[in-house]
Amino acid sequence: MKPSGYIDDIVSLFYPRTCMACGNTLFRHEDVLCTYCLFHLPKTNFHRDADNPVSRIFWGRVKLASASAYYHFGKGGKVQHLIHQLKYKGHKEIGVYIGRLYGAELCEEPAYGHIDRIIPVPLHRSKFRSRGYNQSEQFAMGLCSSLQAVLDVQALRRTFASETQTKKSRFSRWENVKEIFTLHDEEELKGQHVLLVDDVITTGATMESCASKLLEVPGVRVSVVALAFAAAH
């Protein structure tokens with residue numbers, strides 16, 4: 001074993017690396033997710049079917065080229081824990097890692113094979129300051145590395161700090177976000193296929209508001225993906 005291997009083993013005794021989904025200790029060859037979670041977290045495979053539950057959310061509301069999400073979100077499940085670690089516990093590496101995984105799968109689908117620009121749903125500057133990062137931007141960074149697209153965090157901006165969406169109805173969610181985004185550098189967007197990304201899609205209100213604003217630019221096509229899909233009840 002190389003000296004660095006011994007050092008890693010000693011460090012892991014005192015500071016064990018754990019799976020961000022289940023909490024079990026990671027082996028040396030594992031990163032972010034243990035092998036079991038990597039293969040057993042509930043993937044949607046929506047990107048392989050144009051007529052999927054995420055796409056249907058937006059029918060009649062906003063014209064999207066395609067829509068998908070990587071995982072099914074279940075209350076109290078591993079995916080919720082994973083996103084909680086990403087969003088509130090500072091584990092930015094989760095977003096990048098999952099983005100790379102999903103991007104590799106999206107590359108195999110014609111609908112996502114020619115993405116020009118990836119835009120994360122922006123946080124308001126006050127929330128960005130308190131959290132220190134945008135979890136959706138981390139996810140977008142991973143997607144960019146696999147899809148070979150440009151990461152754009154300037155084109156879309158949030159002008160008002162909206163209230164939390166968690167306990168709002170579908171209509172209330174839309175009212176909460178319908179006019180809080182503005183566009184910048186519109187010339188850069190003309191004629192491009194934009195992939196809009198967020199951490200979780202529930203009713204789609206935030207994505208709809210962002211996509212509607214982006215579609216004001218001539219020639220823009222918008223697709224959306226999220227790390228997880230939480231079916232609205």
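Is N134 buried or exposed? With a relative accessibility of 4%, N134 counts as buried, where buried means under 20% relative accessible area, exposed means over 50% and partly exposed lies in between (1.4 Å probe, protein chains only). The structure is a predicted model, in which local features need pLDDT of at least 70 and side-chain atom pairs count only at pLDDT 80 or more, while totals for chains, interfaces and linings use all residues. Residues are numbered from 1 along each chain as its sequence is written, and side-chain values use heavy atoms, with hydrogens and water left out.

**View 1. The protein as a whole.** The protein has 10 helices and seven strands; helices (H or I, at least four residues) and strands (E, at least two) are DSSP runs, numbered from the N terminus. Of its 233 residues, 47% are buried. Where contacts join residues at least 6 apart in sequence, 74% of them link residues at least 24 apart, a contact meaning heavy atoms within 4.5 Å.

**View 2. The loop that holds N134.** N134 is found in the loop between α6 (125-131) and α7 (135-147). When residues up to four places away in sequence are not counted, N134 touches P120, V121, P122, L123 and F128.

**View 3. Helix α4 and its buried face.** Helix α4 spans residues 78-88, and V79, L82, I83, Q85 and L86 are buried in it. Seen down the axis of α4, these buried residues fall within an arc of 155°, so they line one face of the helix; the arc is that of the directions from the helix axis to the C-beta atoms. The partners against which the buried residues of α4 pack are β1 (66-72), α5 (92-106), α7, β6 (193-201) and β7 (221-229). Just after α4 comes G90, with a positive phi of about 80°.

**View 4. The packing of α4 with α5.** The two helices α4 and α5 pack at an angle of about 125°, and their axes are 6 Å apart; axes are lines fitted to C-alpha atoms, for helices over the stretch in contact, and angles run from 0 to 180 degrees between N-to-C directions. The pair α4 and α5 is therefore oblique, given that angles under 35 degrees count as roughly parallel, over 145 as roughly antiparallel, 65 to 115 as roughly perpendicular and the rest as oblique. On the α4 side the contact is made by L82, Q85 and L86, and on the α5 side by K92, I94, G95 and I98.

**View 5. The nonpolar cores.** The largest nonpolar core has 34 residues, and those with the most contacts inside it are L33, Y71, I98, I118 and L143; such a core is a set of buried Ala, Val, Leu, Ile, Met, Phe, Trp, Tyr and Cys residues joined through side-chain atoms within 4.5 Å. At least two residues of this core come from each of β1, α4, α5, α7, β6 and β7. Leaving aside neighbours within four places in sequence, I98 is in contact with L33, Y70, Y71, L82, F139 and L227. Apart from this core lies another, of 29 residues, including L64, V121, L156 and L189.

**View 6. V194 in strand β6.** V194 lies in strand β6 and is buried, with a relative accessible area of 0%. The C-alpha atoms of V194 and L215 are separated by 9.7 Å, although the two residues are 21 residues apart along the chain.

**View 7. Helix α10.** Helix α10 (residues 205-214) is largely enclosed by the rest of the structure, because eight of its 10 residues are buried. The buried residues of α10 are A205, T206, M207, E208, S209, C210, A211 and L214.

**View 8. Two loop residues with positive phi.** Most residues other than glycine have a negative phi. Phi of V32, however, is near 70°, and V32 lies in the loop between α1 (3-14) and α2 (35-40), where V32 is buried with a relative accessible area of 6%. D185, which is not a glycine, has a positive phi of about 55° and is placed in the loop between β5 (181-183) and α9 (186-189).
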